Amino acid sequence: MHGLAHGRMFGLAMAMAMALGAGGAWAASAAQPAEPMALRGVMQQMERDKLAAGAALGQQDWAELATRAGRLAHHAEPPLTEKVRILGWLLTDAPTFRNHDVQVKAAATDLQAAAQQKDAAAAASALQRMQQGCDGCHNSFRDKYLKRFYDTP
Ligand code: HEC
């Protein structure tokens, strides 16, 4: 249900990006944003939750692990205007980008279930799958994203 709503949200943002004309004036505006994009703050919170989840697993603190996993499974997202901007840049890569996020959320949901069942092996496996989702997106998109939105070499 959450995934569907999420998919619709992206669908809407995508439609808006198309309507606004990706590659038009907006997309061609200065690469350096006036304010940092919200995605960075989202990522920093995900990093904190991921590190805390790893520590909680090590300590077998199941309640803390379940809380952190739940936050990762339902992590914050940038506001719609920023999503439109990002999707207008991603264009046909948008589904691949989104799939990495879907993998992170699915693994985080499994992690939460494993924590509730106090299943350390299942939790370790879910944590690893989640990390692969993080790494997959970073490897494919992060450098390009920074170049596009922060003008870094
Ligand atoms: C769908 C793509 C995607 C997924 C999935 C993803 N990231 Fe990111 N991440 C990005 C992009 C793009 C950036 C660059 C954003 C920026 O620096 O403004 C980034 C940047 C970061 C940063 C650097 C932030 C900074 O202050 O420079 C951290 C830390 C991070 N991600 C953690 C994570 C963690 C942890 C996960 C998984 C739980 C994750 N990310 C999953 C796309 C993704």
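Trainee: What share of the contacts in the protein with a separation of 6 or more comes from residues 24 or more positions apart?

Mentor: In this predicted model, such residues account for 72% of those contacts. Two residues count as in contact if their C-beta atoms, placed from the backbone, lie within 7 Å.

Trainee: What secondary structure does the protein have?

Mentor: The protein has 6 helices and 0 strands. Along the sequence the pattern reads α-α-α-α-α-α.

Trainee: Why are H2 and H6 called roughly antiparallel?

Mentor: Helix H2 (residues 38-58) and helix H6 (residues 120-150) pack at an angle of about 160°. Angles over 145 degrees count as roughly antiparallel, and H2 and H6 are therefore roughly antiparallel to each other. Their axes are 11 Å apart, and the crossing is left-handed.

Trainee: Which residues of H2 and H6 meet?

Mentor: From H2 come Ala53, Gly54 and Leu57, and from H6 come Ala120, Ala123, Ala124 and Leu127. By class, this contact has 6 nonpolar, 1 polar and no charged residues. Gly is among those that count as polar, and Ala and Leu count as nonpolar.

Trainee: What makes up the contact of H2 with H3?

Mentor: H2 gives Met46, Asp49, Lys50, Ala52, Ala53, Ala56 and Leu57. H3 gives Glu64, Leu65, Arg68, Ala69, Arg71 and Leu72. These divide into 8 nonpolar, no polar and 5 charged residues. Asp, Glu, Lys and Arg are the ones that count as charged.

Trainee: Which residues come nearest to the ligand?

Mentor: Of the 22 residues around the ligand, Arg40, Met43, Glu47, Cys134 and Cys137 come nearest. The elements that give two or more residues to this shell are H2, helix H5 (94-116) and H6.

Trainee: Which helix gives the largest share of the shell around the ligand, and how do its residues divide by class?

Mentor: H6 gives the largest share, 9 residues. The shell as a whole has 13 nonpolar, 4 polar and 5 charged residues.

Trainee: How many of the 153 residues of the protein, in percent, count as buried?

Mentor: The share is 21%. To count as buried, a residue needs 20 or more other C-beta atoms within 10 Å of its own.

How values were computed. Residues numbered from 1 in each chain as written. Predicted model: local features only at pLDDT ≥ 70, side-chain atom pairs only at ≥ 80, totals over all residues. Axes fitted to C-alpha atoms, helices over the stretch in contact; angles between N-to-C directions. Helix = DSSP H or I, 4+ residues; strand = E, 2+ residues; numbered from the N terminus. Parallel < 35°, antiparallel > 145°, perpendicular 65-115°, else oblique. Left-handed = near helix turned anticlockwise from the far one by under 90°. Near = placed C-beta within 6 Å. Buried ≥ 20, exposed ≤ 12 C-beta atoms within 10 Å, placed from the backbone.
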